[in-house]
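This report looks at how two chains meet and then at one residue. The sequence and structure come first.

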Amino acid sequence: MVGAHHGRRARALCGAAAAARLRRLVGLALVVVSSRLMGLQGWWRPAVLALGVTGVAYLLFARWLGVPLP
Amino acid sequence: VSDLFVALTPPNLLACFIGTVLGTVVGVLPGLGPAAAMALVLPLTIKLGPTAGLIMLAGIYYGAMYGGSTTSILVNVPGEAASVVTTIDGYRLARRGRAGAALAVAAIASFVAGTFSVVALQLAAPLVARAALAFGPAEYFAFALLGVVLLANLTGGSRAKSLAMVVLGIMLSTVGMDPLGGTVRFTFDLAGAQAGLSFVAVTAGLFGVAEVLATMADPASTTPVARVRFRELYPNREELRRSVPPMLRGTVLGFLVGLIPGPAATIASFVSYGVEKKISRHRDELGTGAIEGVAGPEAANNAAAGGGMIPLLSLGLPFTPSTAVLLSGMLLMNVTPGPFLLRDHPQVFWGVIGSFYVGNVMLLVLNLPLVGVFARVATIPPRFLMPGVLVLCVVAAYADNNNLFDVWVVVGAGIIGWAMRALGFNPAPLVLGLVLGPVLERAFLQALTIARGEVSGLWASGPAAVMLAAAAVAFVAPAVLALARRSAADPV
């Protein structure tokens with residue numbers, strides 16, 4: 001009984017961690033897709049741009065201003 | 001008055017400098033408004049003591065007003081609610097390679113208006129504050145209604161479309177909790193919608209995300225702005241000459257609007273734009289990238305910020321969220337604002353007033369040299385710049401209330417804003433409705449409560465009746481005049 005409860009809790013925690021990682025990837029994907037739609041060629045440049053933009057947004061809002069980003 | 005020089009002591013100068021820099025950064029970043037930033041640094045300011053602490057808080061307040069125009073001009077995303085109007089002409093100026101001129105005029109207008117409001121604050125504080133208190137809910141409702149009718153068509157074009165946008169804005173403002181009764185309305189059982197639609201999310205969507213979507217839909221339509229030479233970076237003589245009258249008009253209007261309760265800085269910028277649209281010599285150019293569309297509203301919102309300090313310092317009444325944080329800071333530092341502030345804490349009163357002068361000079365000195373750096377942002381090709389704007393809009397919408405629902409609002413508002421552009425609707429009147437909607441509703445309900453449910457209570461006082469009659473005339477007159485003109489041109 002206790003084991004099943006712990007199992008459910010562990011699965012819920014894993015699910016929450018996976019969702020948080022997925023949300024971070026959404027930001028990257030948003031920049032890649034939008035820059036491609038705006039005419040940026042290839043995959044390397046959109047990927048580097050996505051990493052740069054999300055990195056700056058994270059440093060500025062989450063680290064410096066203390067906004068608890070999801 | 002010798003206490004005025006308290007602001008020039010090194011600790012107070014440093015507090016003023018940190019406050020104005022922080023305020024400028026907060027103004028530039030959409031999402032984190034001055035009230036939130038002031039609340040964040042409140043614990044630090046308490047350690048600094050009353051004079052330096054309040055100087056820093058006030059620096060954040062007017063620094064944010066100053067910085068709010070930067071992203072409006074460069075990337076069409078209002079950094080602050082009061083800068084929405086600046087996007088109309090500021091962004092078009094930036095697309096024409098005049099970003100530097102627009103930013104410099106915004107800085108100069110803010111400086112002129114800020115300085116004027118400080119002088120007026122010193123001379124007229126108690127007198128004007130008492131006059132402003134004569135405004136009850138009925139008068140305020142009539143004033144807001146008159147504002148809606150007069151300003152609805154401020155961007156020109158179809159009057160019907162503008163009025164439809166204002167009404168949509170007022171309807172959207174009713175989402176969430178009823179301001180007096182607490183009843184939850186139009187939320188469709190979504191917990192995130194109970195606080196209402198975030199103003200930041202709606203404006204970031206309507207302006208910023210819509211701009212990104214328009215670029216995505218037709219990447220060839222948005223060409224990068226060519227780099228300009230250094231001497232073309234700043235406003236030329238003609239632009240400066242054209243900026244002076246709207247700057248002065250915006251300053252006086254903004255100061256007067258700042259005395260009235262509510263989102264004064266935002267309303268002041270709309271009023272100033274509306275006035276320019278009616279009386280400016282270059283009114284036909286407004287909406288297409290006219291410098292008057294930057295100078296007037298920027299002066300107005302900064303003067304309103306100064307005007308808003310009068311009820312706070314002389315009566316202890318905060319009319320905006322930012323002045324409410326300033327009031328809580330004062331109370332935490334054992335300084336009670338009101339009629340006895342000058343007697344009990346002259347150093348604090350005159351120190352804060354003196355810091356306004358110093359802070360305005362600091363902001364001008366800090367911002368004018370940065371114009372060139374900011375203007376370069378407009379020359380970044382859209383395919384590199386716009387994805388960053390998109391992320392900024394989404395993060396700003398979330399950061400406003402730490403609410404994921406606002407992320408959906410920014411996306412939805414972006415799609416609607418893009419469709420509105422395609423159909424020839426301007427989003428600025430919608431924003432006006434969104435700002436004035438809660439003001440109208442609260443004043444209407446309060447006036448009815450005072451009159452015990454009698455509708456006649458809305459026009460019982462003379463000023464309210466005059467303003468309501470003026471609103472009715474302003475609403476009907478254009479249609480009547482158009483009909484008369486049509487029948488004169490086409491007699492049967």
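## Contact between the chains

Between chain B and chain A there are 0 salt bridges, a salt bridge being a side-chain nitrogen of Lys or Arg within 4 Å of a carboxyl oxygen of Asp or Glu. α8 (199–217) and α17 (382–401) of chain B each supply at least two residues of the side of chain B that touches chain A; helices here are DSSP runs (H or I, at least four residues), numbered from the N terminus. The largest share of that side, 13 residues, comes from α17(B).

By class, the side of chain B that touches chain A has 20 nonpolar, 3 polar and 1 charged residues. Nonpolar covers Ala, Val, Leu, Ile, Met, Phe, Trp, Tyr, Cys and Pro; charged covers Asp, Glu, Lys and Arg; the others, Gly among them, are polar.

In total, 24 residues from chain B and 21 residues from chain A take part in the contact, meaning heavy atoms within 4.5 Å.

## Residue G100(B)

G100(B) lies in helix α5 (residues 99–133) of chain B. G100(B) counts as buried because its relative accessibility is 3%, where buried means under 20% relative accessible area (1.4 Å probe, protein chains only).

Leaving out residues up to four places away in sequence, G100(B) touches L233(B), V371(B) and A375(B). The C-alpha atoms of G100(B) and G372(B) are separated by 6.3 Å, although these residues are 272 apart along the chain.

## Basis of the values

This is a predicted model: local features need pLDDT of at least 70, side-chain atom pairs count only at pLDDT 80 or more, and totals for chains, interfaces and linings use all residues. Residues are numbered from 1 along each chain as its sequence is written, chains are lettered from A and ligands numbered from 1 in the order in which they are written, and side-chain values use heavy atoms, with hydrogens and water left out.

Definitions and conventions. Buried < 20%, exposed > 50% of the residue type's maximum accessible area, 1.4 Å probe, protein only.
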